[in-house]
Amino acid sequence: MGDSINKILSEEGSVFKAPSNIVSEANLSVENYNSLYKKSIEDPDTFWGDLAKKELDWFQDFNKVRDWKYPNYQWFLDGKLNITYNCLDRHIKNGKRNQVAYIYVDENAHEVKITYGELLEKVNKIANGLKSLGVKKGDTVTIYMAMTIEQIAAILACARIGAIHSVVFGGFSAQALRLRIEDAKSEVVICSSYTQRKGKKAELKSIVNEATKDLDLVRKIIVDSRDENFELFEREVDLNDLIKSQSAICEPEVMDSEDPLFILYTSGTTGKPKGVMHTTAGYNLYTHFTTKMTFDIKGDEVFWCTADPGWITGHSYIIYGPLSNALTSVIAEGSPVHPNPDRFWSIVEKYRVNVFYTAPTAVRMFMKLGEKWPKKHDLSSLKVLGSVGEPINPEAWLWYHKNIGLENCAIVDTWWQTETGGHMISTYPSFDTKPGRAGIPMLGVEVDVIDKDGNSTKPDEVGLLVIKQPWPSGLRTCWGEPQRYEKYWNEIEGFYFAGDLATKDKDNYIMILGRADDTLSISGHRIGTAEVESALVAHRAVAEAAVIGLPHEIKGECIAAFLILMEEEVPNDQQSSSIKEKVRTELGSLAVPDEIHFVDSLPKTRSGKIMRRLLKANRLGEDPGDTSTLED
Ligand code: WT7
């Protein structure tokens, strides 16, 4: 069935008209886009400068919109602001103190609501608590927490005082966490005691304890004990105790536009993840603006991005974008399908969610569970559906459109990256969509698909996806590794190369084909083959490892590992399990291979590079293509 749908959709004319009720009231019509886009590219200073003045509150105006000295850039120079002021204080001043900022729901459908006024107080108390521990502007704080209101407040508390947050997803292992704490040099770590997952408690604090064992760099660990009662070790402090006696007032630190806001680690092509660094003003403006435009926000929507704040999607579209627009957001801790497969749809119905933003892997999972689950619920409040993380296959797109969107919602397939901070390619809700194609460049983003010599490709010809000039929320550097930053702009002289392959059709709709480098996309999360391989060879029995991605029905891609064992080691199931366990402790469960193959040799080039392409073709029974560089 999948094949036939793909075939129908790949034919000319597989265009879905934008819903007429959305078109008639949209923030941005196709005509407006066309003229604004031209202006935004030809005169970015006026375009972004005007927007920055209109959409953000400043403590001091900026003097210059953009400074572009290849490959470095700065935005809104000499401007002073604080992102938490734009996310909280200004809304309270505008009469929204009692508006709900977040509705938190746990797996038992127990809810906690927090208003903008209450959230600011909580943020300020944590901010003052951090100050009392000696945390100051420019210090890094690592956050390893469950998806709770406390997590969001902790993140904002850092931003309040100018500390640089480094959020680590709760699914990462102790080793992975340790590496990130050490690399960021965080003296303070904030964690939750546990996170809820499928009716069980998944320990977080014990992982932090393991990660920070003998790590003297860490002075304090702040623990959100949640409902648990336990004794704390010497350098630990309970979050509630810390904030109990703190004032609910904390003046926002005056931040320069280019002061760092956060670092977030993402996978590259080497074993070591890179700390992508974002700064204050450009990121604030861009996430604010894209939230508003991509999701056609009028102001009173209930917004639900199902990501976790441990990823960039959560930073930009659970925290900063929605708050800056004064929205009410839903956050749901735990599994999407526990205790029942319709958990998400009951949440949409109960809170009358208007914008729902999720990943293709989730859509495919829901699709597999069957349409009877969404059918049990009234989903008519939905207006815009979003997709992010990997290409959404047309079959999943159609299912989403029919069963969740009830054929009446706009679907926005948003292409972007940890590095870009916000949406770069999508369709706006008033645009016709083409399933499988992300769409057009967002306002102010100059995208092209080029060949190796830098020339634009012809329609439907495969090429490299590049961005031709800086946008406000681009990464400024890789933490401690400026040469890795420069690589983004040097790999293809003059352009930012995102690492993806793409095609562009005659209407300029871009289709993302996947990564051009050695990274995989597992459930929409980027993982480097080198990272997994180094975790594998860290196992005492493994001599050599090569990792490839294979198509997977739900995860999009899964990992297959080809291993040469040390002499005298026996290839058997027990060995496989122990090796998988090693990857789990080194990296986390996301990176655990689905398949382990024991082999006697690996295909290599004469220069010794493993030819993963051949392993893949062989495993999938496909034509291996050119093998002239193969040594053996
Ligand atoms: C890579 C970035 C942006 C938040 C989630 C992932 C792939 C992302 C799409 C999409 C096709 C996509 C790309 C990109 N990707 N969105 N809509 N269609 N591919 O962030 O971990 O930084 O990974 O995810 O390959 O380069 P990330």
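Helices are DSSP runs of type H or I with at least four residues, numbered from the N terminus. In this predicted model, one such run is helix α16, which spans residues 394-404, and the residue that follows α16, Leu406, has a positive phi near 50°. Eight of the 11 residues of α16 are buried, so this helix is largely enclosed by the rest of the structure. The buried positions of α16 are Pro394, Ala396, Trp397, Trp399, Tyr400, His401, Asn403 and Ile404.

The domain assignment gives domain 1 (8-82 + 261-514), domain 2 (122-251) and domain 3 (519-620). Between domain 1 and domain 2, the C-alpha centres lie 29 Å apart. To the contact of these two, domain 1 gives 26 residues and domain 2 gives 28 residues.

At least three residues of the core come from each of domain 1 (8-82 + 261-514) and domain 2 (122-251). When its neighbours within four places in sequence are left aside, Leu130 is in contact with Val135, Ala157, Cys158, Ile161, Val188, Ile190, Ile222 and Leu242.

The loop between β6 (140-144) and α7 holds Thr148. Residues under 20% relative accessible area count as buried, and Thr148, at 2%, is therefore buried. Residues up to four places away in sequence not counted, Thr148 touches Tyr104, Arg226, Ile331 and Glu333.

Strand β4 (residues 100-105) and β5 run antiparallel and are joined by five bridges. Both strands belong to an open sheet of seven, in the order β5-β4-β17-β16-β18-β19-β20, with mixed pairing. At the edges of this sheet are β5 (111-115) and β20 (410-414), each of which pairs on one side only. On average, neighbouring strands of the sheet are turned by 20° against each other, direction ignored. Across β4 and β5 lies helix α6 (residues 116-132), which runs at about 85° to β5.

Aromatic rings complete the picture. The structure holds 40 aromatic pairs. A pair of aromatic rings is described by the distance of the centres and the angle of the planes. For Tyr428 and Phe431, the ring centres are 6.1 Å apart and the planes stand at 55°, so the pair is tilted. Tyr428 and Phe431 are both buried. Elsewhere, ring pairs link Phe47, Trp48, Trp58, Phe62, Trp75, Phe76, Tyr286 and Phe289 into a cluster.

Terms used:
Residues are numbered from 1 along each chain as its sequence is written. This is a predicted model: local features need pLDDT of at least 70, side-chain atom pairs count only at pLDDT 80 or more; totals for chains, interfaces and linings use all residues. Side-chain values use heavy atoms; hydrogens and water are left out. Domain bounds come from an automatic or database domain assignment. Contact means heavy atoms within 4.5 Å. Helices (H or I, at least four residues) and strands (E, at least two) are DSSP runs, numbered from the N terminus. Buried means under 20% relative accessible area, exposed over 50%, partly exposed in between (1.4 Å probe, protein chains only). Two strands pair if DSSP finds at least two bridges between them. Axes are lines fitted to C-alpha atoms, for helices over the stretch in contact, and angles run from 0 to 180 degrees between N-to-C directions. Rings of Phe, Tyr and Trp (its six-membered ring) pair if their centres lie within 6.5 Å; planes under 30 degrees apart count as stacked, over 60 as edge-to-face and the rest as tilted.
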